[in-house]
Amino acid sequence: MTENNVLSKFDFPFRVGCTSYVYPGDIEFNAALVAKCFDDIELVFFQSQDACNFPDKKTIQVLCDIAKKHSITYTVHFPIDKKAGSCDESERLGFIKQVNDLMNLTQELNPFAYILHLEGIHRNASSFEKSTWQNQVLKTCEAIDSFAYDRRSKICVENLDYPYTWHKDIVDRFGFSYCMDIGHLLLYNENIAEVAKSILHKTRVLHIHGVCQGKDHISLKNNELQSLVSPLRDSVRLFNGVATIETFSETDTFESLEVLKKIWEK
């Protein structure tokens with residue numbers, strides 16, 4: 001049982017989630033359809049000049065009703081249109097406002113976790129670029145920490161296109177947690193078992209998705225099962241957080257769920 005007091009619908013030590021964009025339609029429409037099949041729904045939010053899906057009070061009430069009816073939790077994925085590690089202060093401030101707004105708007109949902117991308121760097125960056133980025137994300141995270149209060153441990157920093165060790169000091173300093181994206185580790189040829197050994201004890205959310213020919217967030221069916229079986233199964237036996245199948249179509253999501261079941265059976 002997790003701290004949100006929700007049991008899994010599956011025979012795993014962890015709970016299984018999916019995204020809020022499995023079917024064509026808005027968050028409410030998707031939540032109503034997938035809530036009976038999954039334990040958690042990752043609410044994927046965006047805000048740009050062209051579109052915004054931040055929830056209003058009516059949407060929050062609908063999501064609360066769905067959660068109560070189906071005994072699910074929600075994970076909030078912060079927008080990624082602005083870079084948390086940008087050298088442009090106005091862009092960073094805009095990102096911080098998005099985070100603050102969403103934490104306030106979704107407070108009634110009591111999210112299991114908040115997924116944070118520290119965008120603005122890549123693994124081939126120079127030492128100067130890396131140092132500059134770390135200084136900028138430090139400022140961003142200091143600001144987030146100032147209003148996160150008792151929700152700090154729910155803020156999960158996700159590994160992206162750079163070694164997770166680059167943000168380890170940030171996670172430790174502010175008491176944040178990790179979102180361990182297994183698909184990204186596969187994409188960049190990281191050792192899943194070694195990363196899990198290092199950070200799984202501070203990981204609230206796993207992201208699971210297929211990788212094929214440089215493309216990720218696709219069905220796990222596209223992977224050789226053996227590439228996932230040992231590192232995934234053996235690493236997460238004691239994990240009791242949320243494992244989100246982070247795909248964005250009905251086929252990819254439910255195919256991946258079946259693959260995950262087969263992995264566990266092995």
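## Aromatic pairs

This predicted model holds 13 aromatic pairs. One of them joins phenylalanine 12 and phenylalanine 14.

The cut-off for buried is under 20% relative accessible area.

Phe12 and Phe14 also belong to one aromatic cluster.

## Helices α1 and α2

Helix α1 covers residues 27-34, and helix α2 covers residues 57-70. Their axes come within 10 Å and cross at roughly 5°. The two helices are therefore roughly parallel to each other; the class takes in angles under 35 degrees.

Which residues of α1 and α2 meet? From α1 come Ile27, Glu28, Ala31 and Ala32. From α2 come Thr59, Val62, Leu63 and Ile66. By class, this contact has 6 nonpolar, 1 polar and 1 charged residues.

## Helices α3 and α4

Helix α3 spans residues 89-105, and helix α4 spans residues 127-148. They pack at an angle of about 25°, with axes 10 Å apart. That angle makes α3 roughly parallel to α4. The crossing of α3 past α4 is right-handed.

On the α3 side, the contact is made by Arg92, Phe95, Ile96, Val99, Asn100 and Met103. On the α4 side, Gln136, Lys139, Thr140, Ala143, Ile144, Phe147 and Ala148 take part. The residues of this contact divide into 8 nonpolar, 3 polar and 2 charged.

## Isoleucine 96 in the α3 contact

Isoleucine 96 sits in helix α3 and is among the α3 residues that make the contact with α4. Its relative accessible area is 14%, so isoleucine 96 is buried.

What does isoleucine 96 touch, leaving aside its neighbours within four places in sequence? It is in contact with Thr140, Ala143 and Phe147. These three residues are listed on the α4 side of the helix contact. Lysine 139 of α4 is also part of the helix contact. The C-alpha atoms of isoleucine 96 and lysine 139 are separated by 10.0 Å. Along the chain, the two residues are 43 residues apart.

Methods:
Residues are numbered from 1 along each chain as its sequence is written. This is a predicted model: local features need pLDDT of at least 70, side-chain atom pairs count only at pLDDT 80 or more; totals for chains, interfaces and linings use all residues. Side-chain values use heavy atoms; hydrogens and water are left out. Axes are lines fitted to C-alpha atoms, for helices over the stretch in contact, and angles run from 0 to 180 degrees between N-to-C directions. Helices (H or I, at least four residues) and strands (E, at least two) are DSSP runs, numbered from the N terminus. Angles under 35 degrees count as roughly parallel, over 145 as roughly antiparallel, 65 to 115 as roughly perpendicular and the rest as oblique. A crossing is left-handed if the near helix is turned anticlockwise from the far one by less than a right angle, and right-handed if clockwise. Contact means heavy atoms within 4.5 Å. Ala, Val, Leu, Ile, Met, Phe, Trp, Tyr, Cys and Pro count as nonpolar, Asp, Glu, Lys and Arg as charged, and the others, Gly among them, as polar. Rings of Phe, Tyr and Trp (its six-membered ring) pair if their centres lie within 6.5 Å; planes under 30 degrees apart count as stacked, over 60 as edge-to-face and the rest as tilted. Buried means under 20% relative accessible area, exposed over 50%, partly exposed in between (1.4 Å probe, protein chains only).
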